[in-house]
Amino acid sequence: MRVEHYIKELLYRYNCVIVPEFGAFLAHTASARIDNDSKTIYPPTKVVSFNEQLSKNDGLLVSHISKSKSLAYEDLLEEVNQTAKGWKEKLENGEQLELFGIGTLLSNNEGRIQFKPEEKINYLTASFGLSSFAAAPIVRETLKQEVEEIEEQVPFYITPEKRETSAVRPFLKVAAVGLVLFALGISGYQFHRQNLAKQQIVQQDTQKEVSRHIQEATFFDSTPLELPSLNLMVTKKERLEGPLHHVIAGAFRIKANATKKVAELKNQGYEARYIGANKFGLHQVAYASLEDNKEALQLYRKIKRTSSPDVWILSDK
């Protein structure tokens, strides 16, 4: 039995999870922080630590496992104690104990247990959907100063324009411009006349074609043609009515990620759909939306047992 899986589930809701005869995993909230070296911003999180002095059974872990597996409390307590005993033997032999999603434990030279938490998982539910990101510094002022320094170093020389001393050259320029305008006017006039002639020819041909069709139409019987009947099959799509129970696969800060998740779940055979953004602005994706709460509960248990332990149900009011 993988006891660490149930420890992970409890760390989302509690700040202390005791493994009988082994120790306690403690979680305390840490504020958002900025790493100046990597320019990375981290959201608020729960920092997990380990205390081997708190090893007395408080019933939380065993009761949770008993409820999840529907087995007797005494049998599961014995099984958890055997698991804790195996963990201790592994540490005493100098081996590392890796608990997936929680962290790594090892025993030092003094026989004390050291713990290195897993930093990829955030157990703070208030930060659900938030992730760390790198912030690039703004360098607008620096670039402006560099440009100003370059402008000060580059010299500008203004040379006066030489005037034409001859009085003949301005006259030649005016004559050349006049010839060009005259040639353009003649070409435009000829083009306009050719365009009018083409339009008259097209109108005459169109009138002849219309007259021909009118004459041909008088030779046919006025009785309308009977066309064969056409049967169409119309499928009425059922619309979901009443409150829905959504089996949620996740909530995303970026809508494009939610759309990608819907396509991924549909490829896996689920009737996935995007159900909109919640009050925190996170875009939610559901494995399916069902009217029957029993069917929704069955699907939730199946997904939680086989593929995703983080699934939950959202019901409309």
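Contact here means heavy atoms within 4.5 Å. With that in hand, welcome to a short tour of this predicted model.

**View 1. Ser308 and the residues it touches.** Setting aside neighbours within four places in sequence, Ser308 is in contact with Tyr287 and Ile303. Ser308 counts as buried because its relative accessibility is 16%, and buried means under 20%.

**View 2. A nonpolar surface patch that includes Leu181.** Val177, Leu181 and Leu184 together make this patch, which covers about 310 Å². Look for Leu181 in helix α5, which spans residues 168-217. Leu181 has a relative accessibility of 57%, so this residue counts as exposed.

**View 3. A patch of negative charge on the surface.** Here you will meet Glu74, Asp75, Glu78 and Glu79, gathered at the surface. Asp75 lies in helix α3, residues 73-92. With a relative accessible area of 54%, Asp75 is exposed, as the cut-off for that class is over 50%.

**View 4. The whole chain, for orientation.** Stepping back, the chain has seven helices and 13 strands. Of its 317 residues, 23% are buried. The accessible surface of the chain comes to about 24,900 Å², and carbon and sulfur atoms account for 54% of that area. Among contacts between residues at least 6 apart in sequence, 60% join residues at least 24 apart.

Key. Residues are numbered from 1 along each chain as its sequence is written. This is a predicted model: local features need pLDDT of at least 70, side-chain atom pairs count only at pLDDT 80 or more; totals for chains, interfaces and linings use all residues. Side-chain values use heavy atoms; hydrogens and water are left out. Buried means under 20% relative accessible area, exposed over 50%, partly exposed in between (1.4 Å probe, protein chains only). Patches are made of residues with over 30% relative accessible area and no salt bridge: like charges are joined within 9 Å, nonpolar side chains (Val, Leu, Ile, Met, Phe, Trp, Tyr) within 5 Å. Accessible areas come from the Shrake-Rupley method with a 1.4 Å probe; for residues, only the protein chains shown count as cover. A salt bridge is a side-chain nitrogen of Lys or Arg within 4 Å of a carboxyl oxygen of Asp or Glu. Helices (H or I, at least four residues) and strands (E, at least two) are DSSP runs, numbered from the N terminus. Lys and Arg count as positive and Asp and Glu as negative; His and the chain ends are not counted. The place of a charge is taken as NZ of Lys, CZ of Arg, CG of Asp or CD of Glu.
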